Structures are given as C-alpha cells and as structure tokens.
Amino acid sequence: MNQASPIILIKNATVYSPKNLGLVHLVIAGGKVVYIGKKCPSLGDELAIQTIDAQGQAVIPGFIDGHTHITGGGGEAGFSTRVPPVPLSQFTRAGVTTVVGLLGTDDLTRNTESIIAQVYALREEGLSAYCYTGGYHLPPTTLTGSVKSDIVFIEPIIGVGELAISDHRSSQPTLNELLKIASEAHVARLMTGKAGILHLHLGDGERGLSLIREALCTAEIPARTYNPTHINRRKALFDEACDLAKQGCWVDVTAFETGDVGYEPAEALMRYMGQDLPQDKLTISSDGGGCLPCFDQHGHMTKMDFASSSSMTDVFYQLLDEGVTMEACLPFFTSNVADLMNFKKKGRLTLGCDADLLILDPKMRIKHVMAQGQWHVFDTQIIKKGSFEE
Ligand code: ZN
C-alpha cells in the first residue's frame, strides 16, 4: 500500500451517503471525493493510483465527534486528575475524522489559547478539528475578550460551550445571562455562516431544561442556537429534550453510561427514532477526554473515570446489531452533526466533499479509516500516529 498515493480508487463500495447509493465506485484525489458513480472510471497508467476493492462492503462518512475534551478534561479531584491531551489515534481508531473540542469544569488552568493550540496540533496530524470558546462558567473564558469576537475572528471557533446549567458545578446563569451569551453566538453566526451555537452542558439538576424553555418564550433568538447535551443522563431530561427538538433545537445524546436514572445511549437513540420527532435534530457525541465523576448527595466526588470517542462507535455497533438500519442511525453520527455545525464538506459522501470515510468489514465493524484522503487506519491497524504516541 502506497500511503503517499495521490489518487485512490475504491471499487465496489456500498456507499451510505448516509442514503444508500447502492454499489458504486469512488475516486479520491487531493483529499476530496472527485468521483462517485456506477461505472468504474478508467484511470491512466501514468497516474500513481492505489486501488482498493471494497468487495461490496459498506463505505460511510467518517464520524463527527461534536463534544470532546481534546486538551483533556478532568481536574475535579485535584491537579493530578487533569486528563492529558487526547492523542490522534484515539479518534481515528474510533472512526472519528472530525472533532469539535471544548472546555468543561476546568476553564481556568485550561483556556481558549490551549484548546486552539490543540486544534492546530490535530490538524497538523491530519484530522479535521474545530472548537468552542468558553467553558462551564460565566464570564466565559475567551481569547479576544468576547464570545462574539472569538467566533467572528478566530477561524476554528464555531460556537460557545459547554456552558453548564442545572449542575452544582455551573455558575448558575440567570435567564438574562443566558440570553446575552446566546445572542452573541447567534449574531456571530449571522456574520460568519458558522454554527454560532450555545452548546449547553446539562447536569443532574431537577431544573433540567427549564432555562432554555424560558429563553425560547422570552426572546426572538432562534431555537437552533440552544444545543443541550448529556440529555440521556436522566429520563425526565430526555423527555424534555424531545419536546425541545420539536421546537427546533438540536439535541445531543452522550455515549456514557447512565445507570437506571437515565437512558443508555443506544436506548436513547432508539427511543428517539421510535417517536414522531424530527430525525434530523438528534446527534451523538462521546465526551471523550472528559472525566466522568460520580458524586454523592452532598456533592462529594466518590469516583473518577474518563471517556473516549470509542464509546460512540460502540453505540453505532450496538444499534446495527439490534437491527437498526444504517440509513436510520448513521445521520446521528454524521450528517446531522454536520448540519448543526454548518460543515458543508463533512458528514456526507457526495461529489466534492472531504474524503473522510470508513470502510466496514462484513460484520459492520470499522476496517479502514481515511481522513482528508489519507489512510489513518488500514486493516484495523493504526498507520498514522500522533507526535507523542508509541
Ligand atoms: Zn459536559
């Protein structure tokens, strides 16, 4: 296999764009998909071409992980619990070819500067990477002094978050404070065509999504601006989120274990699919690199764990194993996220899109991973590693 090959022909691929395109052939050049068609194109011997025969197996867009702590999260049980930066292959081996990084509880020892630096690091290593400004708290940590100017002037910054609500670690924003920050994101969206969303961390608190409902009743800011995540951590929260989706909010399931109080991620997605809800408004993300602390009733941490993008991939496999069709579940991992993030060249396999794709094996497990036209995983082996990986 010639990794430097500038042109790759993938023959006999059953492409899910996420729509099933049937058996087609693809040509990849310059990091883009430059041909998709039923007829196998003839390419001259003069060109250095790598040919892969997919033998009818599924070829799907690379996953977009829209909530990941790329700098490492954590730090909630002392400085030694700060999670280190997430290495490249943790994403690619999970089939994730695009990430959106963010800050959580620790938006003090970690800041917007460090997250942007990590975005650039991942880009140098071949991944598509973006980030949010801000973090759990108010006033938000920013690079330029305001959320609006961060989104407008800093290319990788596409929104603000994860601002925490209904959580003991939150700054407890008032309705007015929430509206102010949402308006900045919304106006920045109008100015730039970026996502311009307020990505909201939901904690375990009983208040759930009440603040977002109030915001929708009070102000003219469009519903798509408010993007709650971790909606499956409590059952009542999930039901509230389904109602918000009907009102036009995109809502995000997290691929973490919830226990009995919530819905496990695959179950949450299946519940959503089973209802008369806008199927284009649901996404899933991993919370990778973030810590998963458990607290007792007094707010004391009892246990610490941390998450990885592969938890999202496990959910994907689980859905397929349960008999959910590829066309039904793939958008939650790909095109829905791209639409929310306003990534025009991501999340779909179409002519001219970025060559971010996964080739699956007959058991529907990830076999090859390509990001921007370069193989990162080939025959389940990681062939491209981050700078400090073994
Ligand atoms: Zn969170």
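What spacing do the donors of the zinc ion follow along the chain? They follow E-x38-H-x28-H, and the residues behind that pattern are Glu162 through OE, His201 through ND1 and His230 through NE2, at 1.9 to 2.2 Å from the ion. The two histidines link distant parts of the chain: His201 belongs to strand S10 (residues 197–202), while His230 sits in the loop between strand S11 (226–229) and helix H6 (235–246), 29 residues apart. Donors here are N, O and S atoms within 2.8 Å of the metal (3.2 Å for Na, K and Ca), and water is not among the atoms, so sites may look incomplete. Helices (H or I, at least four residues) and strands (E, at least two) are DSSP runs, numbered from the N terminus.

A word on what you're looking at. This is a predicted model, in which local features need pLDDT of at least 70 and side-chain atom pairs count only at pLDDT 80 or more, while totals for chains, interfaces and linings use all residues. Residues are numbered from 1 along each chain as its sequence is written, and side-chain values use heavy atoms, with hydrogens and water left out.

From the loop with His230, step on to H6. This helix has 12 residues and reaches 17 Å from its first C-alpha to its last, close to the 16 Å expected at 1.5 Å a residue; the expected span is 1.5 Å times one less than the number of residues. Its buried residues include Leu237, Phe238, Cys242 and Leu244. What do the buried residues of H6 pack against? They meet S10, helix H5 (210–218), S11, strand S12 (251–254) and helix H7 (265–273), contact meaning heavy atoms within 4.5 Å. After H6 comes Gly248, with a positive phi near 110°.

S12 leads on to S13: the two run parallel and are joined by 4 bridges. For two strands to pair, DSSP has to find at least two bridges between them. Across this pairing, Thr254 stands opposite Ser285 in S13. On S13, Leu282 and Ile284 point one way and Thr283 and Ser285 the other, yet all are buried.

Ile284 also turns up around Phe333. Leaving aside neighbours within four places in sequence, Phe333 is in contact with Phe63, Ile64, Leu269, Ile284, Met312, Val315, Phe316 and Leu319. Along with Phe63, Tyr226 and Phe316, Phe333 touches the most other members of the largest nonpolar core, which has 81 residues. Helix H4 (residues 175–192) supplies the largest share of this core, 7 residues. Apart from it lies another core, of 19 residues, among them Val24, Val59, Ile359 and Phe378. A nonpolar core is a set of buried Ala, Val, Leu, Ile, Met, Phe, Trp, Tyr and Cys residues joined through side-chain atoms within 4.5 Å. In soluble globular proteins, nonpolar side chains tend to be buried together.

How many disulfides are there? The count comes to 0, with a disulfide being a pair of cysteine sulfur atoms within 2.5 Å. Cys217 can't form one because its sulfur is 11 Å from the closest cysteine sulfur, in Cys249, too far for a bond. Cys329 is out as well, since its sulfur is 17 Å from the closest one, in Cys242.

Most residues other than glycine have a negative phi, and most peptide bonds are trans. A cis peptide bond joins Ser17 and Pro18, with omega about 20°, and Pro18 lies in the loop between strand S1 (7–16) and strand S2 (20–29). The bond from Leu138 to Pro139 is cis too, with omega near -10°; Pro139 is in the loop between strand S8 (128–133) and helix H3 (147–153).

As for phi, Asp287 has a positive value of about 65° although it is not a glycine. Asp287 is in the loop between S13 and strand S14 (294–295), and is buried at 7% relative accessible area. Gln372 has a positive phi near 50°, lies in the loop between strand S17 (366–371) and strand S18 (374–378), and is partly exposed at 34%.

Definitions and conventions: Buried < 20%, exposed > 50% of the residue type's maximum accessible area, 1.4 Å probe, protein only.
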